[in-house]
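Let's take a walk through this protein model, stopping at a couple of residues and a couple of helix pairs. Have the structure open and follow along.

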Amino acid sequence: MSGPAPTPYDEIAYPSAIFSQTAPERLAVIARLTGLAPPPVSTARVLEIGAGDGMNLLSLAAAHPQARFEGFDLAPTAVARGERWRALAGLDNAGLQVLDILEAHHRLEGPFDYIIAHGIYAWVPAEVRSATMALIGRLLAPDGVAFLSYNALPGGYLRQALRDALLLELGDLQGADRWRAARAYLTTLSAEPEGGQNPAQAALRDAAKHTLDKPWSVLCHDELGPHFHPQSLADVEATARANGLQFLGDADRERMNDAFLPDGIEAAGDPSAQLLRILGARDYQDFRFFRQTLLVRADRIPRRTIDHQALGQLYAVTRCLRDEEGMFRINANVFEVQDAPLAEALTRLVEQRPRRLRVSELVDTPARRIAMFEMFNAGLIDLYTEAEPYACEVGERPRASPLIRAMLAEGLENICTLDHRLMTIQEFGPRHLLAHLDGTRDRTALVAVGQEAGLDTPEALDKGLRTLVSEGLILA
């Protein structure tokens, strides 16, 4: 008996990745701030539709051992790769299977507290798109939250024009010839013209520049795949409503406010319908290219102003640093917080990283709590509904995530942190140390491992271990 037929994703594998915006913690925060009661993430049941090799799902499973994670995909080679990683890591709370979305309705049993469908909805034929929304409608728990991403309109019109141009240029070319021709055409299209350009031509040139940065394994599936169907928010909401669901908000950074009516606008009639009209108009003003929509049950009533009390009960953490001049830094960005209590709150988070602190313990007024939310929206802090799942101090017998150790054993440079990030570690020293943090080694044994890793003194070993802790790599 033959196995599942190979798919285009078996021929050209999509890159392994973690998508922080799909994490149930992110979904739960938005739901909580709208006054809803999403299930605890630490004990949730989570489904990922189109999970690929499961890297995104396995990262979550490693951080939440009491929760259950299930994923499926149509590509057998991707699922086999993920199942190998899962087995190496001993993640008994996760599972991947080869399954068609059109068959999943009859094969999966719910409910699921959180459902993730990333990178599927706008890249499949209409019947699969309908089946995806119907599946979410059937399986989502009463208080659950679903994540659905898709190419959005009106930006999708521009991407469609670029796709049509590429397909016309590439013709019947295949393999390496197709890739070389695509890059050559995008390079020509993105070059600065000698003469003038009208606004439409300039927009197409900018789209070509962005597309040129994509690896072939992404471009051939996203822009050059057999299906490309950008969606409007109104159409997605209508399909969701037909399946017992409704729009909650957006999981994208800088779009967290999509769940709430803008400042100065009073609710009139149905606040959710009013919000959708505003967002639909704003999508055209912003020429929106992509949406990461959150859905909940249609019988739930999300409030469209931020629940200040719920905001106070959330946990905050930051990856910012503070320099001697009192300026805060994150990546290449430098900024100042002029409000003294807010600056003190962010300083506490910097000093106690990676520990999560309640917002109510950091700031004491509704206005400053809203300011903390704006910091979250801007990517300066993260908010969570529960305390950290990783160690905040170096223990006597530190233990790295088993998924991290499995990925190191596989020779992968990118590893999954316990706060759902993909982190690149190329240096031998930290890789060697992490690989040996299995919870069995005491201080004496760790000193020997540290010496092998180039950490020749106890002080150097301590510093190395504290760095691993601060990056969320060590289990609590």
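This is a predicted model: local features need pLDDT of at least 70, side-chain atom pairs count only at pLDDT 80 or more; totals for chains, interfaces and linings use all residues.

## A residue tucked away: T417

T417 is buried, with a relative accessible area of 0%.

The side chain of T417 makes a polar contact of 2.4 Å with the side chain of D419. Leaving out residues up to four places away in sequence, T417 touches S59, M423, E471, G472 and L473.

## Another loop residue: H118

Next stop is H118, which sits in the loop between β4 (112–117) and α6 (126–139). Buried or exposed? H118 has a relative accessible area of 15%, so it's buried.

What does the side chain of H118 pair up with? There's a polar contact of 2.7 Å between the side chains of H118 and S149. S149 also turns up among the residues that H118 touches, along with F19, Q21, T22, I49, F147, F290 and Q292, if you don't count residues up to four places away in sequence.

## Helices α8 and α9

Now for some helix packing. Two packed helices are described by the angle between their axes and the distance between the axes. For α8 (residues 175–190) and α9 (residues 199–212), the angle is about 140 degrees and the axes are 8 Å apart. That's why the two count as oblique to each other. The crossing of α8 and α9 is left-handed.

Who's doing the touching? On the α8 side you'll find R183, L186, T187, L189 and S190, and on the α9 side L204, R205, A208, K209, T211 and L212. Sort the residues in this contact of α8 with α9 by class and you get 5 nonpolar, 3 polar and 3 charged.

## Helices α4 and α17

Helix α4 (residues 76–89) packs against helix α17 (residues 402–409) at an angle of about 120 degrees, and their axes are 8 Å apart. That angle makes α4 oblique to α17. This time, the crossing of α4 and α17 is right-handed.

Which residues make the contact? From α4 come W85, L88 and A89, while α17 brings P402, L403 and A406. By class, the contact of α4 with α17 has 6 nonpolar residues, with no polar and no charged ones.

Note on methods:
Residues are numbered from 1 along each chain as its sequence is written. Side-chain values use heavy atoms; hydrogens and water are left out. Helices (H or I, at least four residues) and strands (E, at least two) are DSSP runs, numbered from the N terminus. Buried means under 20% relative accessible area, exposed over 50%, partly exposed in between (1.4 Å probe, protein chains only). A polar contact is a pair of N or O atoms within 3.5 Å; within protein, one must be able to donate a hydrogen and the other to accept it, and residues adjacent in sequence count only if both atoms are side-chain atoms. Contact means heavy atoms within 4.5 Å. Axes are lines fitted to C-alpha atoms, for helices over the stretch in contact, and angles run from 0 to 180 degrees between N-to-C directions. Angles under 35 degrees count as roughly parallel, over 145 as roughly antiparallel, 65 to 115 as roughly perpendicular and the rest as oblique. A crossing is left-handed if the near helix is turned anticlockwise from the far one by less than a right angle, and right-handed if clockwise. Ala, Val, Leu, Ile, Met, Phe, Trp, Tyr, Cys and Pro count as nonpolar, Asp, Glu, Lys and Arg as charged, and the others, Gly among them, as polar.
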